[in-house]
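These are my notebook entries on one structure.

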2 protein chains.
Amino acid sequence: MVKAKIAVNGYGTIGKRVADAVRAQDDMEIIGISKTKPNYEAAVAHQLGYDIYAPAANLGAFEKAGMPAAGTIEEMVEKADLVVDCTPGGVGEGNKSLYEKAGVKAIWQGGEDHSLAGFSFNAICNYEQAVGRDLVRVVSCNTTALCRAIYPIDKELGVKKVRVILARRATDPNDVKKGPINAIVPDPIKLPSHHGPDVKSVLPQINITSAALKIPTTLMHVHTVNMEVDKDCTVDEVKNIFGSQPRIRFVGQGMSSTAEIMEFARDMKRPRNDMWENCIWPESITVGDKEIYFFQAVHQESIVVPENIDAIRAMMELESDGAKSIEKTNKAIGLYNK
Amino acid sequence: MVKAKIAVNGYGTIGKRVADAVRAQDDMEIIGISKTKPNYEAAVAHQLGYDIYAPAANLGAFEKAGMPAAGTIEEMVEKADLVVDCTPGGVGEGNKSLYEKAGVKAIWQGGEDHSLAGFSFNAICNYEQAVGRDLVRVVSCNTTALCRAIYPIDKELGVKKVRVILARRATDPNDVKKGPINAIVPDPIKLPSHHGPDVKSVLPQINITSAALKIPTTLMHVHTVNMEVDKDCTVDEVKNIFGSQPRIRFVGQGMSSTAEIMEFARDMKRPRNDMWENCIWPESITVGDKEIYFFQAVHQESIVVPENIDAIRAMMELESDGAKSIEKTNKAIGLYNK
């Protein structure tokens, strides 16, 4: 079988994880990653044997740093069947003409607007609609987690309204420039935040509001979710619905915070202590008055990674069945490993 | 006029503020404060001229530390008309028999159960019912803030349901022993948290749920409040309702976080940068579908202080009108100062 040729444009927090996850699959391969500067992340990419592509003006800097680039970003795009654009939010938009000119398929991340690709993806919710598409946007970490939790509840119980409060990690663990370090920042101060409405880019039928706070922590987001549902239900029914989902993990056994979830991921020897699943505290699931409440933690750096793999597989028509792709992706990256 | 003789049992975070606030009034006086150990807080109390009372076994230690105690805690209680118990949550309960034996009135804080006093107080909600009472519990910082916001909305628009998510500062600024420092802790993990139900100790008619997260910050709590109301309303109506409240402050003008609110309190030269009011971001007030949303920040160390003063005034029958007491308290402590 000829493997799909994948390029990762932007080897940062998401890009490096997507590259490694593509490498773990047997039906796709990485033909190159791009990096603007020869920094420590580029050095590791070089060590891992990735072909590094860079802006033409910076090729000399890579040469000088002992990690010669394989060519320019334009050259990388030309060689690919599909580019996963993991450049910073808002930057990816500017690359659209590059991809169109080269005639390659493209995936953007949730930092870009829905309209850029015209289709927002979550593997559980709309895999089949992505099959054969040229342009896809994989929704953000928060939206991904919400879609995974809302979709199965809507299917089984009918979701009337969702209200979610997001306690967002202020920034990623490797970022020393951003705050707060001792404050809570309602962000945005005008409600609702974009997170709720963004769920509608995948699940347009869902009535959802959201508010978000920036919190002095780097590890994970925590969602407090309230769902009004159409049918009476029990805590056990909700647990069964979540428990049957391929990318929802129940956390407990002393994991009382995001820090302990990260320690668990480290103990499981997950790459970069990544936690690709929604982490739901089953004890927090509460039902009453046709309303469901629960807490879930979201690993902002990695939760969208398996979704990117499934999006590639759908767009490249490597698999037409979403459930099969999800299982294949999960298995290949080690999500099922104990 | 003979001033009411007030003792503060437990000169910690709340107690020292209550003592200073009592001192600022013209109808009550502090006859003593209690402290178990001659630490830096006791040293400041001594400098401020408070008579310090201590457990009999520790009198020698105070003598040795150069801040001789005026007597034992039992002796202090005997001299008072009313004791404000500011001992740590759960400890105050054990002091009830001491107060009863001495025939003094007593106020406990929100860390004690409602049943201990049989009456839970908030100045806006139920001042008149506290007049002449012997035992009163002033509800906690979070409950106080919720009562102040819910009561006027209920009065004007009818509150059908309240859902509140509390992002709680993990501990007070002077506490170096507690965490988390880089994690989010859903606490309690079982829902609802006690904060919602505790509002019912003051406002039994309110249907309310709550969930709480412990956050790595020491400054203030932040509440994300959702209220379903009976009547259609506009953002301006809600702003007018909050704006007419004596202990609600609108924050804006670049105050985008709890850190900036604290800086504002410092610039206003508030004692200990205390912020006695609910700090509501008016920009966050959102109305739609007969639901109101807003963010409010709560200064956990000081918000209950004026409530303690009003409770004293009601219990000692120094003033029968709640609105007048609130105004007198606010004015005396400097809440109206620009």
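Entry 1: (Buried means under 20% relative accessible area, exposed over 50%, and partly exposed in between, with a 1.4 Å probe and protein chains only.) I then consulted the UniProt record, an unreviewed entry, which lists A:Cys141 under "active site". I noted that UniProt positions are given in the numbering used here, that feature names are shortened, and that annotations may be inferred rather than shown by experiment. A:Cys141 belongs to helix H8 of chain A, residues 141-157. (Helices, H or I with at least four residues, and strands, E with at least two, are DSSP runs numbered from the N terminus.) Beyond neighbours within four places in sequence, A:Cys141 is in contact with A:His221, A:Val298, A:Gln300, A:Ile303 and A:Val304. (Contact means heavy atoms within 4.5 Å.)

**Entry 2: basis of the values.** I recorded that this is a predicted model, in which local features need pLDDT of at least 70 and side-chain atom pairs count only at pLDDT 80 or more, while totals for chains, interfaces and linings use all residues. Residues are numbered from 1 along each chain as its sequence is written, chains are lettered from A and ligands numbered from 1 in the order in which they are written, and side-chain values use heavy atoms, with hydrogens and water left out.

**Entry 3: domains of chain A.** I looked up the domain assignment, which gives domain 1 as 4-139 + 304-333 and domain 2 as 141-298. (The bounds come from an automatic or database domain assignment.) The centres of the two domains, taken over C-alpha atoms, are 26 Å apart. Domain 1 of chain A brings 26 residues to the contact, and domain 2 of chain A brings 18 residues.

**Entry 4: aromatic rings.** A:Tyr99 is buried at 1% relative accessibility, and A:Trp108 is buried at 0%. In chain B, B:Tyr99 and B:Trp108 also form a tilted pair, with 5.9 Å between centres and 50° between planes.

**Entry 5: the two copies.** I superposed chain B on chain A by a rotation of 180° with 0.0 Å of shift along its axis, at an RMSD of 0.0 Å. The copies are therefore related as by a two-fold rotation axis. (Superposition is by least squares on the C-alpha atoms of residues with pLDDT of at least 70 in both.) In chain B, the C-alpha nearest the axis belongs to B:Pro216, at 3.0 Å. The copies meet through the same surface, because 100% of the interface residues of chain B are also interface residues in chain A.

**Entry 6: backbone notes.** The peptide bond from A:Asp187 to A:Pro188 is cis, with omega near 0°. A:Arg272 is not a glycine, yet its phi is positive, at about 55°; A:Arg272 is partly exposed, with 30% relative accessible area.

Notes. Rings of Phe, Tyr and Trp (its six-membered ring) pair if their centres lie within 6.5 Å; planes under 30 degrees apart count as stacked, over 60 as edge-to-face and the rest as tilted.
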